Amino acid sequence: MGILWHQGEGDCAAELYPCYKESFEKIISALKKDLNLDVPVIVGGLGDFLFDCTLAEKLKNYNHINKALEEFAEENEKVGFASAKGLTANPDNLHFNAKSLFEFGLRYFEEFEKLREDKIYEELPSADDATRTQMELL
């Protein structure tokens, strides 16, 4: 069990992103308390392609959300950060394309596996494993 979190585009506005980390900490704390959970939390970064998204100027502030999420992961036990660095978007520059979404899922799993006490794998599959190779062919 674990909590996966991927959100933040809506909080990229200049008046919202400065308090994102504090708000996020409250949400995760309340969620874990209300559900009586002590599980890993994996937070996913927003894609760098948001800088080029023309749907809303505020999206250019995505890096502030990523910084807050990374800091949250560094400062809390059983929290990992899945980076979206290098991942690519659909033509809208808002959503991940299928290939990148698959890669992102693997990154989430790698972070989750680092935090699990009962490891599924002693060693994680390498970046050139058969699954990634198959996705590269798509």
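Trainee: Which residues are linked with Lys 21 in a network of salt bridges?

Mentor: This is a predicted model. A search of the whole structure finds 9 salt bridges. Some of them join into a network, and besides Lys 21 its members are Lys 67, Glu 71 and Glu 75.

Trainee: How many residues apart in sequence are the parts that Lys 21 and Glu 71 tie together?

Mentor: Lys 21 forms a salt bridge with Glu 71, with the closest N and O atoms 3.4 Å apart. Lys 21 sits in helix H1 (residues 20-34) and Glu 71 in helix H2 (residues 62-75), so this pair ties together parts separated in sequence by 50 residues.

Trainee: Lys 21 also forms a salt bridge with Glu 75. How far apart are the closest N and O atoms there?

Mentor: Glu 75 lies in helix H2 and Lys 21 in helix H1, so the pair ties together parts 54 residues apart in sequence. For Lys 21 and Glu 75, the closest N and O atoms are separated by 2.8 Å.

Trainee: Is Glu 71 buried, partly exposed or exposed?

Mentor: The buried class ends under 20% relative accessible area, and exposed means over 50%. Glu 71 has a relative accessible area of 25%. The value falls in between, so Glu 71 is partly exposed.

Trainee: What about Glu 75: what is its relative accessible area?

Mentor: Glu 75 also counts as partly exposed. Its relative accessible area is 49%.

Trainee: By about how much of a helix are Lys 26 and Glu 22 separated?

Mentor: The side chains of Lys 26 and Glu 22 meet in a salt bridge, 3.5 Å from N to O. An α-helix has 3.6 residues a turn, so residues three or four places apart point the same way. Lys 26 and Glu 22 are 4 residues apart in helix H1, a separation of about one helical turn.

Trainee: Which residues of H3 are buried?

Mentor: Helix H3 covers residues 98-115. Its 18 residues reach 26 Å from first C-alpha to last, close to the 26 Å expected. The buried residues of H3 are Ser 100, Glu 103, Phe 104, Tyr 108, Glu 111, Phe 112 and Glu 113.

Trainee: What pattern does the protein follow along the sequence?

Mentor: The protein has 4 helices and 3 strands. Along the sequence, they follow β-α-β-α-β-α-α.

Key: Residues are numbered from 1 along each chain as its sequence is written. This is a predicted model: local features need pLDDT of at least 70, side-chain atom pairs count only at pLDDT 80 or more; totals for chains, interfaces and linings use all residues. Side-chain values use heavy atoms; hydrogens and water are left out. Helices (H or I, at least four residues) and strands (E, at least two) are DSSP runs, numbered from the N terminus. The expected span of a helix is 1.5 Å times one less than its number of residues. Buried means under 20% relative accessible area, exposed over 50%, partly exposed in between (1.4 Å probe, protein chains only). A salt bridge is a side-chain nitrogen of Lys or Arg within 4 Å of a carboxyl oxygen of Asp or Glu.
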